[in-house]
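Subject: Handing over the two-chain model

Hi,

Here is the structure I promised to pass on. Have a look at it first, and my notes follow below.

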Amino acid sequence: MLRFEARPQASPFWGVASPILALLLTVLIGVSLFIALGKDPVRGLAVFFWEPIKNGYAWSELMVKATPLLVIALGLSVCFRSNVWNIGAEGQFVAGAMAAGGVALMAEPGGSRFVVVFILLAGVLGGAAWASITAWLRDRFHASEILVSLMLVYVATQLLNYLVYGPWKDPMGFNFPQTKTFESITQIPRLFDGSRVNVGLLLALAGVGGLWVYLFRTLGGFAQQVGGLAPAAARYAGFSSRKALWVALLTSGGAAGLAGALEVAGPIGQLTPFVPAGYGFAAIIVAFVGRLHPVGMVFSAILMSMFYIGGELAQSRLGLPKSITGVFQGLLLFTLLACDTLIAYRLKWVK
Amino acid sequence: MGTIQAAATGRVVASGMASRLQLRGVTKRYPGVVANNRVSLTVLPGEIHAVLGENGAGKSTLMKIIYGSVKPDEGEVLFNNREVHIRNPQEARALGISMVFQHFSLFEVLTVAENVWLGLSKTISLIEVTRQIQQTATAYGLDVDPARPVHTLSVGEMQRVEIIRALLTKPQLLILDEPTSVLTPQAVDKLFVVLRKLAAEGCSILYISHKLHEIRSLCTACTVLRGGQVTGVCNPQEESNASLSRLMIGAEPPVLNPRPYQPGEVVLKVDGLVLPKSDPFGTDLQGVSLQLRAGEVVGLAGVSGNGQAELLKALSGEDDRAPSGTIVLQVNVPGAATLVDMGGLNPQKRRRLGLHFVPEERLGRGAVPSLGLAHNLLLTRSEAVSAGMGWLNLGALQEQARGIIQRYNVKAAGPHAAAKSLSGGNLQKFLVGREIEAKPRVLIISQPTWGVDVGAAAQIRAQILALRDAGCAVLVVSEELEELFEMSDRLHVMAKGALSPSLLRAQATVERIGEWMSGLWGAEDGNVPHASEVTHAAV
């Protein structure tokens with residue numbers, strides 16, 4: 001009989017190997033899923049793991065989707081490392097998109113390109129403001145940040161619907177629920193001709209570096225994490241738990257809002273009811289698969305982006321429903337949580 | 001060290017002679033550690049048998065094996081000369097083995113009788129249980145009212161309930177795990193009377209402890225464990241503390257040199273501190289006044305849960321609700337001493353003014369379990385942090401940790417070893433080193449040697465005294481009276497959220513401190529209440 005036996009110390013090897021094993025298991029379950037659905041598993045796998053990286057254009061599309069995931073996940077990792085469970089990045093993403101969209105709508109054609117800076121700032125402030133509701137309710141009334149942040153996702157979505165069905169609806173838009181297309185000066189500058197990759201990718205990579213320095217080279221980042229690892233030790237040291245709560249939520253809210261601004265002023269170019277694409281939720285998986293480590297999250301963001309693109313392709317190429325993306329994301333998180341058991345336990349054969 | 005010195009003590013256990021409990025070659029391995037290595041133990045009927053050993057010597061595992069909650073890998077267990085395989089505590093109780101754990105398992109909202117009833121067959125009525133409790137209580141002098149809700153009982157009374165519960169199963173062997181750690185000295189004496197009476201009636205008692213003087217006064221046989229092995233079997237009444245200590249730790253405890261007491265000026269002053277509890281199970285502080293002078297160690301005695309934890313949090317700043325003016329620290333510039341009100345200051349700010357604290361919970365409060373020792377320095381030290389932006393200098397941090405590891409003789413894999421990978425004693429040495437090297441003006445230390453092996457304890461005590469000699473004011477909170485008498489210049493006792501007047505060590509006796517632990521200190525002139533007034537309340 002196989003038994004779990006507690007390891008005397010957590011295994012560093014499995015800390016790294018667990019996400020890889022989880023990915024392998026996800027692929028394995030995916031293959032059986034394709035077979036069960038009567039699809040060619042080789043083609044199915046190719047759609048998810050080869051098509052998104054087969055040429056330069058595919059890579060650029062991969063980056064377009066990986067960027068918002070990475071930006072949001074970077075913020076969330078600060079939260080999760082400090083034991084603040086912000087599940088509502090999707091709502092903060094939408095709030096950031098609305099704030100950024102509001103600034104973009106005010107731009108006149110032929111104005112300065114500097115408006116992009118204000119659009120991004122508005123996104124950050126919008127997301128942070130939305131997250132501050134959660135922080136305030138938690139700070140003042142001890143309301144669970146998990147429930148509050150999650151419920152605020154739906155509030156933000158309804159607010160977006162109100163705007164695009166109501167005051168911000170494009171008068172020339174044949175009554176479609178959407179704003180007018182933003183002026184071209186509001187477009188986030190692209191990095192290359194012929195690809196939709198924009199400076200957002202550079203911001204995300206700068207964020208990776210910045211977060212690494214903050215977490216591992218500053219007292220502020222250390223204090224933030226002690227609150228998550230051992231709250232009593234943080235109190236003993238005199239690190240404020242209220243400060244940690246606000247820093248965590250404002251950072252992750254700001255990051256999610258930035259991602260929202262990058263999306264609406266980038267690939268989307270207007271506000272529509274389809275702005276919330278689930279990035280805020282997928283980024284939770286990105287954060288954990290990347291072990292809450294800035295560099296690890298780069299890889300997991302790319303992986304999760306593959307699932308997004310693969311899901312879209314599976315729809316057109318294999319005739320599978322789009323929800324296959326969610327299935328793969330869920331499988332990955334599920335197998336990861338299972339594989340993480342091996343960090344603290346080893347398998348032992350008992351007769 | 002497996003030699004058994006039974007013959008040398010004159011307590012010959014011949015094979016075939018009737019024994020109550022006999023263990024032969026019992027071995028239990030856990031991943032990475034052998035908890036019990038070929039342990040043999042013989043308990044005679046009506047014998048009070050001590051199992052002596054330091055923390056981690058394997059006492060608890062051995063008791064769990066006897067009580068059926070752990071299965072040995074090798075060896076046999078004989079009960080009344082018959083080999084038994086005890087699979088769970090129910091089977092142990094059916095055989096006639098009962099155990100009183102160090103931590104009580106009583107429901108606070110239920111009455112004494114209801115709690116006892118829970119563990120018994122439901123065919124017996126509550127009235128019958130009540131009658132049995134009264135009967136047992138009278139027979140053994142275990143004074144408890146069956147109708148009282150448990151939350152109104154003192155710790156000593158709760159322990160009596162646990163003992164009564166154990167006795168109702170008519171045990172032939174009663175196991176007591178560190179039973180005196182929560183009792184005042186007077187309550188300990190009452191407990192011993194009960195245990196001797198039980199033994200006289202033929203019930204064998206296994207008494208687990210690391211307190212040498214208790215074992216010497218109570219027990220007639222003793223098995224000493226060290227590192228999972230039996231290092232000796234003896235009659236403790238014929239041994240000295242030194243010889244028992246040699247068996248237990250392989251060395252005699254070092255003696256601290258007495259030093260002259262020359263207190264300096266008052267460094268920390270607590271004046272009428274009243275603080276309502278912040279936790280529903282806490283204790284309100286009721287006008288605590290306390291002064292700490294430079295160059296003295298003040299000991300704070302008391303049964304835990306009488307407000308010590310609350311007072312320490314108020315002093316350290318983890319609880320910063322203390323009204324302004326009630327806690328004042330003297331910040332010294334020679335000739336120009338300034339008084340700083342601690343009200344509202346967080347622990348970080350208090351530390352910067354020279355007030356340092358070592359909490360009793362080392363893992364999770366004094367140190368972050370999963371972080372390395374170097375990073376744990378950052379909780380209270382800031383030498384490796386640049387002023388302003390707060391950049392960490394990891395090289396300097398490691399160097400600092402390595403220095404403490406070396407100077408304080410900490411056994412650790414290095415500055416990166418996770419705090420939780422260290423033994424209790426080694427982690428405590430590191431934490432004490434961390435605070436002492438900050439050159440505090442006031443050091444507050446709670447349970448400095450709790451769960452620490454004897455060698456490390458002696459080192460820690462010596463370092464605290466050296467700090468005092470260097471002019472630091474030290475407040476030591478401890479449940480071990482022996483330790484307080486050894487280290488303190490003055491003693492206070494805490495009971496029910498109030499603080500007794502202070503006593504010079506020369507005036508303090510165990511009896512007097514024990515009475516004060518019940519909250520019965522006399523008027524300011526230090527009159528000790530008459531013993532007969534307090535006996536009923538002393539427990």
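To start with, in which helix of chain B does B:A187 lie? The answer is α7, residues 185-200; helices here are DSSP runs of H or I with at least four residues, strands are runs of E with at least two, and both are numbered from the N terminus. Before going further, please note that this is a predicted model, in which local features need pLDDT of at least 70 and side-chain atom pairs count only at pLDDT 80 or more, while totals for chains, interfaces and linings use all residues. Residues are numbered from 1 along each chain as its sequence is written, and chains are lettered from A and ligands numbered from 1 in the order in which they are written.

B:A187 counts as buried, with 24 C-beta neighbours inside 10 Å. The cut-offs are 20 or more other C-beta atoms within 10 Å for buried, 12 or fewer for exposed, and anything in between for partly exposed, with C-beta atoms placed from the backbone. Between the C-alpha atoms of B:A187 and B:G96 there are 26 Å, and along the chain the two residues are 91 residues apart.

B:R29 sits in strand β1 (residues 21-30) of chain B. With 14 C-beta neighbours inside 10 Å, B:R29 is partly exposed. Leaving out residues up to four places away in sequence, B:R29 touches B:V34 and B:D73; a contact means that the C-beta atoms of two residues, placed from the backbone, lie within 7 Å. B:D73 is 44 residues from B:R29 along the chain, yet their C-alpha atoms are separated by 7.0 Å.

B:N80 has a phi near 50 degrees, which is a positive value in a residue other than glycine. This residue belongs to the loop between β4 (74-79) and β5 (82-84) of chain B, and its 15 C-beta neighbours inside 10 Å make it partly exposed.

**Where the chains meet**

How many residues of chain B are in contact with chain A? There are 26, and they meet 18 residues of chain A. The chain B side consists of 12 nonpolar, 11 polar and three charged residues. In this classification Ala, Val, Leu, Ile, Met, Phe, Trp, Tyr, Cys and Pro are nonpolar, Asp, Glu, Lys and Arg are charged, and the others, Gly among them, are polar.

The largest nonpolar core has 244 residues, and A:L69, A:I72, A:A73, A:A283 and A:V286 touch the most other members. Such a core is a set of buried Ala, Val, Leu, Ile, Met, Phe, Trp, Tyr and Cys residues joined through C-beta atoms within 7 Å. Beyond its neighbours within four places in sequence, A:A73 contacts A:A283, A:V286, A:A287, A:G290, A:M297 and A:A301.

On to the helix pairs. Axes are lines fitted to C-alpha atoms, for helices over the stretch in contact, and angles run from 0 to 180 degrees between N-to-C directions. Angles under 35 degrees count as roughly parallel, over 145 as roughly antiparallel, 65 to 115 as roughly perpendicular, and the rest as oblique.

- α11(A) and α12(A) pack at about 135 degrees with their axes 8 Å apart, which makes the pair oblique. The residues that meet include A:V286 and A:A287 in α11(A) and A:M297 and A:A301 in α12(A). By class, this contact has nine nonpolar, one polar and no charged residues.
- α12 (residues 294-318) and α13 (residues 324-339) of chain A have axes that come within 8 Å and cross at roughly 150 degrees, so these helices are roughly antiparallel. Among the residues making the contact are A:F307 and A:Y308 of α12(A) and A:F328 of α13(A). Six nonpolar, three polar and no charged residues take part.
- α4 (residues 89-106) and α6 (residues 145-165) of chain A pack at about 30 degrees with axes 7 Å apart, and are therefore roughly parallel. This contact includes A:E90 and A:V94 in α4(A), and A:L152 and A:A156 in α6(A). Its residues are 10 nonpolar, three polar and one charged.

Finally, A:R291 is in the loop between α11 (279-289) and α12 of chain A. Its phi is near 60 degrees, again positive in a residue other than glycine, and with 19 other C-beta atoms within 10 Å A:R291 is partly exposed.

Best wishes
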